[in-house]
Amino acid sequence: MQLTAEERAMLDGAEGAATQKAMDLLVRYADALGAERFVETDNVAGVPGAAHGFLKDYYRDQGGDYNAIFSLFDLDSDEVVEVPRMKAFSCHLQGGMDPDLWREQGMSETAHDGFVYDEEQNAEHGVQLLKTCTPYVAGNVPAHGEHCAWMESSAVVYCNSVVGARTNTEGRESTSAAMLTKRIPYWGYHCPEYRHGQHAIAVEFPVGDVFEWGMLGYFVGQSVEDGIPVITGAISNPSLIRHKHFGAAAASSGGVELYHMVGITPEAPSAAAAFGPNLPEQHFVYDAAERRRIYETLNAVGECEDVDYVMLGCPHYSIEQIAHAAQLIEGRKVHENSALWVFTSRAVKAVADRNGHTKTLQDAGAYLMTDTCSAISQAIPEGTRVAALDSAKQVHYLPAMMDIEGWYGTTAECIDAACTGRWAGRLQ
Ligand code: F3S
């Protein structure tokens with residue numbers, strides 16, 4: 001491992017004990033990866049010091065506060081050290097509850113007190129409270145080629161593929177250490193030679209709306225697992241929300257962290273450029289039969305057509321999606337046997353508030369929530385047995401996590417289900 005003079009000084013403790021612990025953790029991490037050096041990053045997205053009740057109790061004897069959890073858990077230190085202000089530009093990803101609607105989510109006063117404390121600590125330590133899985137929609141849009149250290153699979157795949165910035169899927173420990181040191185191992189997707197395509201995907205069935213992009217993403221992840229796909233063919237209408245749903249699905253059914261779409265994403269002006277020196281290892285075709293198979297896979301956990309709960313906003317909804325949902329529900333009411341929760345970031349909700357979308361949703365009996373989602377917070381309306389979702393990622397996780405049934409469909413089908421209490425989604 002080659003260290004610069006500045007990195008060596010951090011490791012020797014010149015910038016304090018916490019930075020020394022962070023550098024020590026990163027050197028061990030880099031050694032395990034086989035990285036030979038670090039790269040400087042000034043864009044870190046993680047969940048520093050986050051602690052639910054279990055962690056706070058676990059570290060109670062050592063103080064149980066931010067310093068204790070950050071030192072012992074995030075930095076894998078054997079002693080509690082004082083955590084200074086973060087050195088890198090750092091932002092907080094999604095958290096565990098809505099700052100205002102936490103009671104509706106079933107959270108306790110104690111859990112909420114912990115949430116308030118964590119937020120105060122992170123703000124004092126210079127962590128920007130974006131509180132979203134879509135930092136690229138809420139004030140952290142990396143530049144092409146920028147080296148980042150991000151957690152959250154749906155954000156990582158967007159960062160790498162759509163923006164052309166560079167990050168691996170980091171963990172809580174490496175991002176917290178990177179916040180203090182501005183360093184991350186130079187390895188994997190940071191290196192241009194590991195960003196070339198590996199598998200070819202030919203899209204024969206036309207893919208144009210968000211619902212279709214989500215299903216294609218699920219197919220791609222299933223096909224290439226954690227490889228790098230190069231996608232060509234009948235894909236249209238690329239947009240932030242379509243990439244967001246495609247990448248989240250591909251990162252859920254597989255472990256896709258980077259994809260290339262020829263003529264669409266920045267490192268794929270041509271298939272030859274996307275593959276670079278690689279030859280495709282495998283070829284996959286997405287046609288009408290594969291589309292139907294994916295639809296049936298996503299709906300395999302749906303049986304009962306009485307829908308108790310509709311969740312929208314995985315990944316967190318953009319303002320365009322909130323406006324669309326508000327338009328679909330305006331003048332209607334959520335059915336008495338159902339509930340509709342829509343998730344977004346605080347920044348986007350502020351715009352939705354001013355545009356009247358939040359009120360439109362509230363008037364219909366729905367909630368616009370921020371910071372979290374049902375899968376992350378494991379919060380669903382009491383008594384939920386059947387959920388309807390417009391996200392392939394969420395239908396992949398939520399029914400399994402909460403032991404409920406789930407349906408996958410379009411946003412319009414989900415809103416209809418919320419207003420009628422019945423699932424009527426069908427593949428056209
Ligand atoms: Fe975001 Fe939750 Fe989906 S954190 S990507 S809305 S699982």
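**Aromatic pairs in the predicted model**

A total of 12 aromatic pairs is found in the structure, which is a predicted model. A pair of this kind is characterised by two quantities, the distance of the ring centres and the angle of the planes.

In the pair formed by Phe54 and Tyr58, the ring centres are 5.9 Å apart and the planes meet at 25°, so the pair is classed as stacked, the limit for stacking being under 30 degrees. Both residues belong to helix H3, which spans residues 53-58. Their separation of four residues corresponds to about one turn of that helix. Phe54 has a relative accessibility of 57% and therefore counts as exposed. Tyr58, with a relative accessibility of 55%, also counts as exposed, as the threshold for this class is over 50%. Together with Tyr59, Phe54 and Tyr58 make up one aromatic cluster.

A second pair consists of Phe211 and Tyr295, whose planes lie at 70° with ring centres 6.2 Å apart, so the arrangement is edge-to-face; this class requires an angle over 60 degrees. The pair connects distant parts of the chain, with Phe211 located in helix H8 (residues 210-224) and Tyr295 in helix H11 (residues 288-298). The two residues are 84 residues apart. Phe211 and Tyr295 are both buried, whereas Phe54 is exposed and Tyr58 is likewise exposed.

A contact between a charged group and a ring is also present. Arg37 is positioned over the face of Tyr186, at a distance of 4.0 Å from the ring centre.

Terms used:
Residues numbered from 1 in each chain as written. Predicted model: local features only at pLDDT ≥ 70, side-chain atom pairs only at ≥ 80, totals over all residues. Heavy atoms only, no water. Phe/Tyr/Trp six-rings, centres within 6.5 Å; stacked < 30°, edge-to-face > 60°. Buried < 20%, exposed > 50% of the residue type's maximum accessible area, 1.4 Å probe, protein only. Lys NZ or Arg CZ within 6 Å of the ring centre and 35° of its normal.
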